[in-house]
Structures are given as C-alpha cells and as structure tokens.
Amino acid sequence: MFLWILVILAIVYVIKGVIIVKQAEVVIVERLGRFERILQSGMNFIIPILETPRGISWKISQRGIDGNTYSFIKEKTRIDLRESVYDFPQQNVITKDNVSIKINALLYFQIIDPKSAVYEIQNLPDAIEKLTQTTLRNLVGQLDLDETLVSRDKINQELRAILDEATNKWGVKVNRVELQDIIPPIDIQQAMEKQMKAERDKRAAILEAEGLKQSAILKAEGERQSAINKAEGKKQAEILQAEGDAQARIKRAEAEGSAIKVVIDAISDKGQPDKYLIAMKYLETLQSINEGQNNKIVYMPYEATGILSSVDGIKEMFNGIKQ
C-alpha cells in the first residue's frame, strides 16, 4: 500500500514537473522566489515545489455588447511574444484652443524581453495605457482643433516614438499607434458642418463662374474662327471667280482673234479687211442700241453715208473674192 502511494506521488511529481510551452510563448520560472530561467516553446521540466512559474497580472480590455469597452485583470503564467493590439477606451483631451475632444486610439506592441516585462513593471498593459493617455494629452494640448483634425499622421508618429523610447526599459517594442476617432463636441461639429457647406457652396459658385467664363471664351473663339473661315472662303471664291472671268475673257478674246484672223486671211489678198471690220462693229453697236421690249425708236445714224460706203465696200470686197 505504501508502495502504491509512493508511485502515485512520483507520477504526480513528474506531471507537475513537466511544462509544455506553446509556440511564440515563454514561461518565467523562479526558484524559491528568485528568477531562475525562461522556458521556451516545447517540453520543459522544472523541479516541483522548489521551482514554480511566475504569475503575472495582465490587464485585458474587451468591448461589450453595448459598444462600451470594459477592462479586467487576469492572472497568467505565460507571456505571449506575438504582436499585441490594445484598444484604448475614449478619453477626453483638451486642445490648445480649449476645445474638449474625445480620442480613441489603438496601440500595437510586442514584448522583446520577457524578464524586463515581468520584473521592471507591475502591470505592463495598464502602464502602457496610462503612458499613452498622458503622452496623447501633452501632444494634443500643443495643437489647435483644426491642426489636430488634419495631423493624425503627425500625432501617430510622435506618439509612437515617445512610447517606444519610454517602454524600452520594460522590454517592449511599440510598432504602431493609430488614432481611431477624433470626436469634437456637438456644437463644434455643427459649426464645422456649416463651414464645410459654405466652402462647398463657394467652390461650386467658383466652378460655375469658371465654367461660364470658359464657355464664353470658347464661344467667342468659335465665332471669330467661323468669321475668319467665312471671310477666307469668300475671298477664295471671289479670287477664283475673278480668275475664271479673266480666263474666260482671255479665251473669248483668243477665239475672237482667231476668227478675225481666219476672215482676214481669207480676204487679205483682194479685199479690204479694215472696212469690213469697221462695218461689222458698227452694225453690232446699232443692234445693241435698238434692243429692248419698249424701244420703238427708229433712226438713221448721222454717218449713214459712211455705213453705205462700208456696205458698198463689202460688196466690192465680195465681188473681188468671186473674181
């Protein structure tokens, strides 16, 4: 019976001495209250009673069903080496121009030195939260409301740098800080909305005026170009018409000259070409004078004898041609 008790005690002793640590976790072991070593991932053995895992207090924040964030303290023996995110509840911060705003922040940090994270600070998440709150108040207190609203990236970078330097002795690396919400008071929000509406109306009016201006300019340019094109077209048409008339007159003169030349060549040997031409031109002129519907005037030209002599000359000319 005693032997069975010893066997059972031995089994319990062995079981208590075996600690299995998961990946990306560590366990701090103390011997008789003093730091002994850090257990890495895998199967580890400790001496029960003499060696015990160090328990640490860890503040955990969770968002409830109602949307509010609640925090509670949890005792644990394992330290997570993965990057952790801490969602800070909304806090009131006063800007440089005395405007109270609410800011909600996210903090991404990672434990680099587990020993320092346990022995250099009592409650690491709570310490980081308090440090973040005070640092954020100092940074926002140096900025106006308008600067705070447009300087998120600047605040994030400065806050991360300050926290990373301050938490270095705690064995923590602050990788990133993000401001989730910046909520001004209701009256400030209403004033900002009115201001934004006025700005949008102003930009709309400016854009409309610019559009009308550009439209008028383009219309004037179009009308000017159209007038230029019409003038150029009319000019070219008149030039082509004048050139056509000139060419036609040249062709008619050349044809008439050729016809006269043929007649002259036919009668140049025995006839009198000068009298023939004078008589023909005279008769054409008299015909043009007497043309018209209401022209009933019949007259004998003053130089009738000249015409008769020309006709007589034509007769003698043709008689000469027949001979």
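This is a predicted model: local features need pLDDT of at least 70, side-chain atom pairs count only at pLDDT 80 or more; totals for chains, interfaces and linings use all residues.
Let me begin with the largest cavity, which is lined by Ile56, Ser57, Trp58, Ala117, Val118, Ile121, Gln122, Asn123 and Leu124. The elements that contribute two or more residues to this lining are E6 and H2. E6 gives the most, with three residues. By class, the lining of the largest cavity divides into six nonpolar residues, three polar and no charged. The space in this cavity is about 40 Å³, and the structure holds one cavity of 30 Å³ or more.

I turn next to the largest pocket. It contains about 250 Å³ of space. Its lining consists of Trp58, Lys59, Ile60, Ser61, Lys76, Asp80, Ser84, Val85, Tyr86, Asp87, Phe109 and Pro125. Strand E6, residues 56–63, and strand E9, residues 84–87, are the elements that give two or more residues to that lining. In the pocket, the division is six nonpolar, two polar and four charged residues.

Now to the aromatic rings. How many aromatic pairs does the count come to? The count comes to one. The partners are Phe35 and Tyr119, arranged edge-to-face, with 5.9 Å centre to centre and 80° between the planes.

Helix H3 is my next topic. It covers residues 124–140, which is 17 residues, and spans 24 Å from its first C-alpha to its last, close to the 24 Å expected at 1.5 Å a residue. The buried residues of H3 are Leu124, Pro125, Ala127, Ile128, Glu129, Thr132, Gln133, Thr135, Leu136, Leu139 and Val140.

Leu143 counts as buried because its relative accessibility is 12%, below the 20% cut-off. Twelve residues separate Leu143 from Ile155 in sequence, and their C-alpha atoms are 9.9 Å apart in space.

Finally, I draw attention to two backbone positions. Which phi values do they show? For Leu32, phi is near 55°, a positive value in a residue other than glycine. Leu32 sits in the loop between strand E2, residues 25–31, and E3. With a relative accessible area of 66%, Leu32 is exposed. For Ile49, phi is near 75°, again positive in a residue other than glycine. Ile49 is placed in the loop between strand E4, residues 42–45, and strand E5, residues 51–53. Ile49 is exposed too, with a relative accessible area of 76%.

Technical notes
Residues are numbered from 1 along each chain as its sequence is written. Side-chain values use heavy atoms; hydrogens and water are left out. On a 1 Å grid over the protein atoms alone, a cavity is a set of points where a 1.4 Å probe fits but cannot get out, and a pocket is an open set with protein on both sides within 12 Å along at least five of seven lines; lining residues have an atom within 4 Å of a point. Grid points are joined across faces, edges and corners, and a volume is the space filled by probe spheres set on the points. Helices (H or I, at least four residues) and strands (E, at least two) are DSSP runs, numbered from the N terminus. Ala, Val, Leu, Ile, Met, Phe, Trp, Tyr, Cys and Pro count as nonpolar, Asp, Glu, Lys and Arg as charged, and the others, Gly among them, as polar. Rings of Phe, Tyr and Trp (its six-membered ring) pair if their centres lie within 6.5 Å; planes under 30 degrees apart count as stacked, over 60 as edge-to-face and the rest as tilted. The expected span of a helix is 1.5 Å times one less than its number of residues. Buried means under 20% relative accessible area, exposed over 50%, partly exposed in between (1.4 Å probe, protein chains only).
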